[in-house]
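My entries follow in the order in which I checked things.

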Amino acid sequence: MHDLQLFRGQLEETATRLASRGFRLDLEAFRGIDRRRRDAVTEVEKLKAERNERSKDIGARKKAGEDTAELQAQVRGIGERIAELESGAEGLDREFQDLLKGIPNLPHESVPLGAGAEDNVEVRREGTPRPMDFEAKAHWDLGTELGILDFERAAKVTGARFAVYFGLGARLERALINFMLDTHTAEHGYTETLPPFLVNSESLFGTGQLPKFAEDLFKCENFDLWLAPTAEVPVTNLLRDETVDTDRLPIKLCAYTPCFRSEAGSHGRDVRGIIRQHQFQKVELVKFAHPEQSYAELESLTHDAEDILRKLGLPFRTVALCTGDMGFSSAKTYDIEVWLPGQNSFKEISSCSNFEAFQARRAGIRYRGAKKSEYMHTLNGSGLAVGRTWVAVVENYQQKDGSVIVPGALRPYLNAEVITRQGVLS
RNA sequence: GGAGAGGUGGCCGAGUGGUUUAAGGCGCACGCUUGGAAAGCGUGUGUACAGGAAACUGUACCGAGGGUUCGAAUCCCUCCUUCUCCGCCA
């Protein structure tokens, strides 16, 4: 959410910057409703001031033993007038707030201009794909043939876009989680956090998923609880409505959680394999930073996420998302894309964003500034999406016979050097 | 699930219908005092919105939402949450 004063003060410039990310702000409508709302509020407040004053007078007169029946009747009339006007004022205010809540964040000046993914800018590329003297298979074939991955039984138990892992397949997922958490805590200075996997509406509003993107989420019936679509939601909201001393910044947390997404609107995309599932595992990096430091923190956070791929020997590239391709709440985003030989392309495996004060303002996350408390900046990034890392390991380290070499960094966790056919249920 | 007790500013804590403009304390900031510091003394110390060039003023906020009243931190209702005991449970 935006700072109303700032927003109003630089309306034209703001509209231009929003247009660069494809959002059209209707200036006429904005000014109109803002004006009407302020007029209505002013009128109601005037009446309330009068009522307060006269009520106080009644109190004083009663104490002096006077008869105040007539005065009370007059003030009751004011009260009725207030009730009439107030509902109108509240309606206008709600309308205005809804308009404001629906406006995406402003892109940082360093974000490349563009309309869609084709305008994103590659900022670096590391690692080279392992040479293969055979045709690379996709993970869905490798996984099912190895007996470590099963889509049909998952569909029976739950439905489409779910998977079951067996044996070393399941263990590989767990190994990756532990490897990522160990690396981020021991080497990158993050504090391990295990948050709830269900979150309430207020938390989802704080990080920006609600009210606009409810259809992307799973909701519990009869409860104000939703399955978290990313650990960003529970972890960022840990500091909701709190004010933190400046010298404690930056606060760096990492968390493993399952993530649940309805994937409404992505029918037909990534239908095969585990690239796009309703449930996936993720290790998330979250930072709370001083506004002056947040862009340096974004660079290091992105580097921390890339580090997992470096250690696993997986080729990747990092792209700066253009204005038209960024998420609703983000001011700047880097996507990290890993090389997948089975698809012969790079695939997003992490998205690292600086939200500046956009989430902090919605969630009331502050630090104690020089004079008064100010909104801090929040950042987060996947470090990494575990399911997609699983895919990357399996596809990049596959051998001609269909087995998978375990990268050195994972061997202590997996207790195996190569994944061969398990054949437990198939 | 049952019974009981709570939720008040950055923190502690008073406050059961009307100068509460939320007492008092701690903390913090500034000033006085001091060779310097501490102590002491004094002043100030929330958020949001509205009005105003500004100083400043108004409105709302005492867990949340409704209600009663001329007037609600205070009375009533619903919900959330914390603690204690009991029951159930991994």
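How much space lies in the second largest pocket? I am working from a predicted model, and in it I find about 580 Å³ of space in that pocket.

I next looked up the lining of the second largest pocket, which counts 25 residues, and noted that Asp3, Leu6, Glu356, Ala357 and Arg361 are the closest to its centre. Sorting the lining by class, I get ten nonpolar, seven polar and eight charged residues.

I then asked which elements supply the lining, and found that α1 (4-9), α2 (11-19), α11 (358-363), β13 (365-368) and β14 (373-375) each give at least two residues, with β14 giving the most, three residues. I also checked the domains, and the lining draws at least three residues from each of domain 1 (4-101) and domain 2 (117-419).

Turning to the nonpolar packing, I recorded that the largest nonpolar core has 49 residues, and that Leu172, Leu176, Leu309, Leu314, Trp390, Leu410 and Ile419 touch the most other members. Helix α7 (residues 167-186) provides the largest share of this core, eight residues.

Finally, I noted a second, separate core of 20 residues, with Phe30, Leu100, Ile103 and Leu106 among them. As background, I wrote beside this entry that nonpolar side chains tend to be buried together in soluble globular proteins.

Note on methods:
Residues numbered from 1 in each chain as written. Chains lettered and ligands numbered in written order. Predicted model: local features only at pLDDT ≥ 70, side-chain atom pairs only at ≥ 80, totals over all residues. Heavy atoms only, no water. 1 Å grid on protein atoms, 1.4 Å probe; cavity = no way out; pocket = protein on both sides within 12 Å on 5 of 7 lines; lining within 4 Å. Points joined across faces, edges and corners; volume = space filled by probe spheres on them. Helix = DSSP H or I, 4+ residues; strand = E, 2+ residues; numbered from the N terminus. Nonpolar A, V, L, I, M, F, W, Y, C, P; charged D, E, K, R; others polar. Domains from an automatic or database assignment. Core = buried A, V, L, I, M, F, W, Y, C linked by side-chain atoms within 4.5 Å. Buried < 20%, exposed > 50% of the residue type's maximum accessible area, 1.4 Å probe, protein only.
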